[in-house]
Amino acid sequence: MIVLEKRRQPSRHWMLAAPVLAVLLTMVVGGAMFAALGVAPLEAIRTIFWDPLFDPQFAAYSRPQLLVKAGPLILIAIGLSLGFRAGIWNIGAEGQYIMGAICGAAAGLAVYPSASVLVFPLMVVAGALGGWAWAMIPAFFKTRFGTNEILVSLMLVYVAESILASVSSGLLRNPEGRGFPGSRNLSQWDAAANRELIAGTGLHWGVVAAFIAVILAYILLTRHIQGFNIRLSGEAPRAARFAGVNPARVVIFCLGTAGALAGLAGLFEVAGPAGQISIDFNSGYGFTAIIVAFLGRLHPVGILLAGLLMALTYIGGELAQLMLGLPGASIQLFQGMLLFFLLGVDVLTNYRLRLGRGEKA
Amino acid sequence: MESINPVLLIASVMLSATPLLLAAIGEMVVERAGVLNLGVEGMMITGAVVGFAVAVSTGSAATGFAAAALAAAALSLTFGVLTQIFLSNQVATGLGLTLVGLGLSALIGKPYEGMKSPVLPRLDLGPLSDLPVVGRMLFTHDAVVYLSLLLVAAVWAFLRYTRAGLVLRAVGENHEAAHALGYKVVRIRLLAIFFGGACAGLGGAYLSLVRVPQWTEGMTAGAGWIALAIVVFASWRPWRVLVGAYLFGGVTVLQLNLQAAGAQVPVALLSASPYLVTIAVLVLISARGAHAAPASLGRPFHATQ
């Protein structure tokens with residue numbers, strides 16, 4: 001019989017190997033799923049993971065998309081990872097993302113049709129504030145009353161979605177849009193557009209912000225006392241309290257940062273790739289970012305890589321939909337399976353497998 | 001406003017509370033065993049799609065319900081294996097279960113969009129249904145509504161009066177002590193998770209087969225999360241789960257009725273109201289400080305620790 005034996009310390013090797021093994025397992029099981037859907041498994045895997053980057057026909061279009069999709073995922077996941085490390089489960093990033101987009105776009109539209117260079121910075125600040133404020137709701141209730149932040153942050157996603165539905169056909173509707181829902185197109189308004197900075201790369205301000213967030217998070221976690229406090233609160237809450245860490249402050253910091261970053265991601269999306277506030281401009285990045293955060297081991301550099309990989313599955317998934325007729329939902333399932341396998345494989349990081357009966361059992 | 005008929009209102013509250021009640025009572029048992037399964041939404045929507053698909057293909061709503069319970073319970077076992085045997089983090093795994101369930105259901109459900117399901121017949125309660133007012137209100141429903149009420153009573157009696165219920169509570173309160181007494185912590189928890197999955201599946205199937213009745217992608221729309229909130233609201237007690245589910249069912253029905261009646265309230269506020277009420281209730285409960293959560297809730301168990 002195989003038994004698990006707890007390691008004294010988590011294995012560093014397995015910590016790095018687990019995501020790779022999880023990706024491989026997902027490819028195998030995902031391949032079987034594709035075969036069951038009547039698509040040749042190897043071809044499907046190639047279409048998802050290889051063709052978007054290297055196929056002569058599609059790469060020119062899909063390579064820039066990699067950064068466009070990875071940007072918001074990384075930005076949101078970096079914020080979430082801080083909370084997850086401290087044992088604060090903000091799973092409402094999708095709502096913070098929506099509110100950031102709404103507030104940012106509203107701030108811009110309020111001064112339409114100004115051509116001032118300050119319009120875009122104004123929108124960026126408003127977007128970050130919108131996401132931050134939305135995340136402060138669960139943070140306030142958690143610190144004041146000890147209310148469960150998981151459920152509150154998630155419920156606020158649905159509230160944000162109904163606000164989105166309301167403003168896109170009401171307050172922010174394009175007055176020249178012949179009554180169709182949806183705001184003015186921000187990406188066609190020079191002062192507000194979040195444009196591609198280097199043609200053909202997909203690099204826009206949101207991607208730049210994501211890279212900056214990765215670097216700042218790395219410095220925070222390895223060099224700054226607040227980063228140490230966050231890690232301590234997650235790994236040893238009692239020790240953290242004895243060390244004088246104020247738990248409320250950690251909650252407010254983690255949720256606030258995550259909210260602001262998600263809000264930024266929303267604003268950059270709505271002023272760039274999405275172009276306008278519409279009822280379905282959000283595409284679930286806030287939820288996928290949870291997978292990205294775990295796949296990246298809650299480490300800034302890992303999240304960078306995981307964000308790129310997850311962006312690849314989005315683009316490859318679209319390609320597979322187009323070329324092989326693979327249902328769009330199968331990619332969603334594929335991404336979910338990835339998280340599942342990762343969590344399963346992770347047992348090897350903390351435990352050792354042994355044959356025979358464990359003596360201490 | 002006069003168009004809202006109180007008799008029909010109560011009857012439709014029962015209809016809309018039933019899926020919440022089924023999912024919440026299942027999750028309550030899981031949490032009493034010390035496991036926090038955040039995947040209720042994923043299991044519910046899997047139940048919704050499988051129930052609908054099987055009911056359409058077999059022409060029998062009852063078979064659909066059975067298949068939904070089995071499918072969601074099978075899905076919940078992946079959560080069980082990961083958290084109980086591979087000792088993964090319960091919060092993360094529960095979220096993963098929800099994401100997997102949403103993807104899986106969208107994949108299975110695609111061909112069934114826009115179809116009609118067979119009707120679940122009303123349970124014939126003879127003279128009770130003919131009673132004035134009360135009969136129309138309480139005794140004109142299908143079997144699943146009464147099953148959900150029976151389930152609450154059964155869970156209550158099980159936890160309170162049976163030895164197995166006592167063991168389950170012991171495992172949830174202090175798994176080390178339960179283990180030292182020789183109880184199989186992992187096995188008991190797996191059984192609880194399986195039961196919770198089956199209940200969530202029934203709840204989901206009730207949405208797609210009776211409440212709506214149709215399959216649309218993402219149709220649970222947070223019902224699974226509300227069920228989780230109901231468990232907290234109920235302080236992990238069966239009868240309070242019943243109260244909670246009917247309260248939330250009532251809010252849903254009321255807001256739909258107000259929307260239909262064209263009340264002078266913004267639609268966004270009305271459609272967000274079930275979620276706002278959930279938040280308000282969670283805050284009120286936590287502000288009162290009455291938690292009563294099982295002591296081992298969410299903590300992983302490994303025999304050599």
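What volume does the largest cavity have? About 40 Å³. Hi everyone, that's where I'll start, and keep in mind that this is a predicted model.

So, the cavity. The structure holds 1 cavity of 30 Å³ or more. Its lining is made up of Leu67(A), Ala70(A), Gly71(A), Ile74(A), Val207(A), Ala210(A), Phe211(A) and Leu308(A). Sort those by class and you get 7 nonpolar, 1 polar and no charged. Two helices of chain A, H4 (59-85) and H8 (205-223), each put at least two residues into that lining. H4(A) gives the most, with 4 residues.

Okay, on to the interface. Here 44 residues of chain B are in contact with 39 residues of chain A. The area buried between the two chains is about 3500 Å², and carbon and sulfur atoms give 83% of that. On the chain B side, three residues to look for on your screen are Leu99(B), Leu107(B) and Trp225(B): together they supply 16% of the area chain B buries against chain A, more than any other three residues.

And which elements of chain B give two or more residues to the side that touches chain A? Those are helices H3 (61-85), H4 (90-109), H10 (223-233) and H12 (267-288) of chain B. H4(B) gives the most, with 13 residues. By class, that side of chain B has 29 nonpolar, 13 polar and 2 charged residues.

What about salt bridges and polar contacts? Across this interface the rule finds 0 salt bridges. For polar contact, it finds 2 residue pairs, both at pLDDT 80 or more.

That's my tour, thanks.

Conventions. Residues numbered from 1 in each chain as written. Chains lettered and ligands numbered in written order. Predicted model: local features only at pLDDT ≥ 70, side-chain atom pairs only at ≥ 80, totals over all residues. Heavy atoms only, no water. Contact = heavy atoms within 4.5 Å. Buried area = accessible area lost by both parts, 1.4 Å probe. Salt bridge = Lys/Arg side-chain N within 4 Å of Asp/Glu carboxyl O. Polar contact = N/O pair within 3.5 Å; in protein donor to acceptor, adjacent residues only side chain to side chain. Nonpolar A, V, L, I, M, F, W, Y, C, P; charged D, E, K, R; others polar. 1 Å grid on protein atoms, 1.4 Å probe; cavity = no way out; pocket = protein on both sides within 12 Å on 5 of 7 lines; lining within 4 Å. Points joined across faces, edges and corners; volume = space filled by probe spheres on them.
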